Amino acid sequence: MGGTKPMGRSKNSLPVASGGIVRIQNTTLLIIAVIFSVCFILALSCAFLGDDEDEPYFKSILDEVAQTNPGLVLLGENVDVDIDEPSITIRWSIIGCGDGYVLDGSAGIHESTSCGLPPEYLQIYVDSSSNPTAIFDPSQLPFASQTGRRRNIQNLVQFDSDHTLDVHEDRLYPFDTYLLTSTIRAVDSSNATVPIRKLTTIDQVSSFLVASTDIDSYETTSNGTQLASRDIDLQVQRPGQARAFALLFFGLSWMLTHVTFGHVILAQKHQEVKPILKHLVCAFAVVLAIPQLRNAMPDAPGYDGILIDCIGFFPQMILSTFSVLALLLLIMLREFDAMNDKPLVIGFKAAHSTVAPAGKQSPFNSPLKPLILNTKKRSSSDSFERGEFPDCEKCELDGGYTFPPRSPAPSSSTTTHHRGRSSRSISSTTTFGGRTRMHGYHLSKSSSLRTVTER
């Protein structure tokens, strides 16, 4: 009878619940993982936002100088620390703060309305050098045509000073700390000393934290005249993040080194070579990974025998390399054991289907064969050569070549059977009991026999 067949639901159409927990499909898990990864990356990227909203670092310092002690200010806007040199390069900016110390049309440096470029000619001497390190001439500053303001040309208002770095603690990376002291003096066009009210530098660079402290000082000439100057002390050290990352890489390198020891211990329990090769590959990968972790340390110095290398990189490389050598020796031992466990079997066949060249005796039929084999037992081939016909139910020819047997004396009871070219010949002998014995190979079903009675 007609009817409709109810549509069955697929077994996988609905998620299966087990113990009140619904199992989520693999596609859904993949989509959730991708969404989580994108959200995580976007959240980290927000760290770069809002930096422009912060107040410039030097604004509060300049405003304070303009209100309390107006005069000449030198700002170290960049500090380049070179451990390999070793030296520190500071880029100074020449700024005037307060009434009478700001060039017309130049106010607003670092968003400070009370500070700008100095209005007078200056010569700057760093560390009491005989020649001025920098010369500032406001007459060389150009004007903007549209606004009429002075242009702040960096090469005209900034200068660099190089200082030798004290490196007696550089081997303590990442806890190395460097100290620097410097003195700076400024004079005008009439060679009169211009007092410097403030020396300060930026507090953080790419790989170091810089803490600066300045104090008033003076220099004494040969005639006893005192020249006003200002000194600055810098303390340079690694930031906390750099120290944490360096120690983390240091710990990971030691963990990988310990893992190679575990591979050696596990490899000793295997009696075959193939499982040991897997441990060898892992240990060799560790040897290659440790230098990469060392180079990944933030602003790490060279391989100069610093403390973190003496207790870390060098022993790690030595121990992990010894682990690789131990695995290689273990593989060699397992190979020798496998060779010793296999018995040495030497097989001799009676003969081959090929015939030895004329004038050269075959090694299988050599007269020394009984002496070499230490036996005088005749083989089946020798028996056939001598006309002896052993019981073929017990003999095996193994595909070897045999000479045809000697024909017995013709008799009426002896019959020879022949077959075509594609088959081999057999011989039969009738014994006294009427029983026929056959010598040769088994005939195929397709062999055609014909009987010839010898006369």
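**View 1. Helices α4 and α5 pair up in a roughly antiparallel way.** In this predicted model, the axes of α4 (residues 240–267) and α5 (residues 273–295) come within 9 Å and cross at roughly 165°. That angle is over 145°, so the two helices count as roughly antiparallel. Their crossing is left-handed.

**View 2. Here are the residues where α4 meets α5.** From α4, look for F249, L252, S253, L256, T257, T260, H263, L266 and A267. Facing them from α5 are I276, H279, C282, A283, V286, A289, I290 and L293. Sorted by class, this contact has 12 nonpolar and 5 polar residues, with no charged ones.

View 3. Residues 244–264 are 100% helix, with end C-alpha atoms 31 Å apart. Residues 313–333 are also 100% helix, and there the end C-alpha atoms are 30 Å apart.

**View 4. A salt bridge joins D63 and K59 within helix α2.** Side chains of opposite charge can pair when their charged atoms come close. The N to O distance for D63 and K59 is 3.1 Å. Both residues lie in α2 (residues 59–68), 4 residues apart, which is about one turn of the helix.

**View 5. D176 and R238 form a salt bridge between distant parts of the chain.** Their side chains meet at 3.0 Å, N to O. D176 sits in the loop between β8 (158–164) and β9 (177–187), while R238 is in the loop between β13 (226–237) and α4, 62 residues apart. The structure holds 9 salt bridges.

Terms used:
Residues numbered from 1 in each chain as written. Predicted model: local features only at pLDDT ≥ 70, side-chain atom pairs only at ≥ 80, totals over all residues. Heavy atoms only, no water. Axes fitted to C-alpha atoms, helices over the stretch in contact; angles between N-to-C directions. Parallel < 35°, antiparallel > 145°, perpendicular 65-115°, else oblique. Left-handed = near helix turned anticlockwise from the far one by under 90°. Contact = heavy atoms within 4.5 Å. Nonpolar A, V, L, I, M, F, W, Y, C, P; charged D, E, K, R; others polar. Salt bridge = Lys/Arg side-chain N within 4 Å of Asp/Glu carboxyl O.
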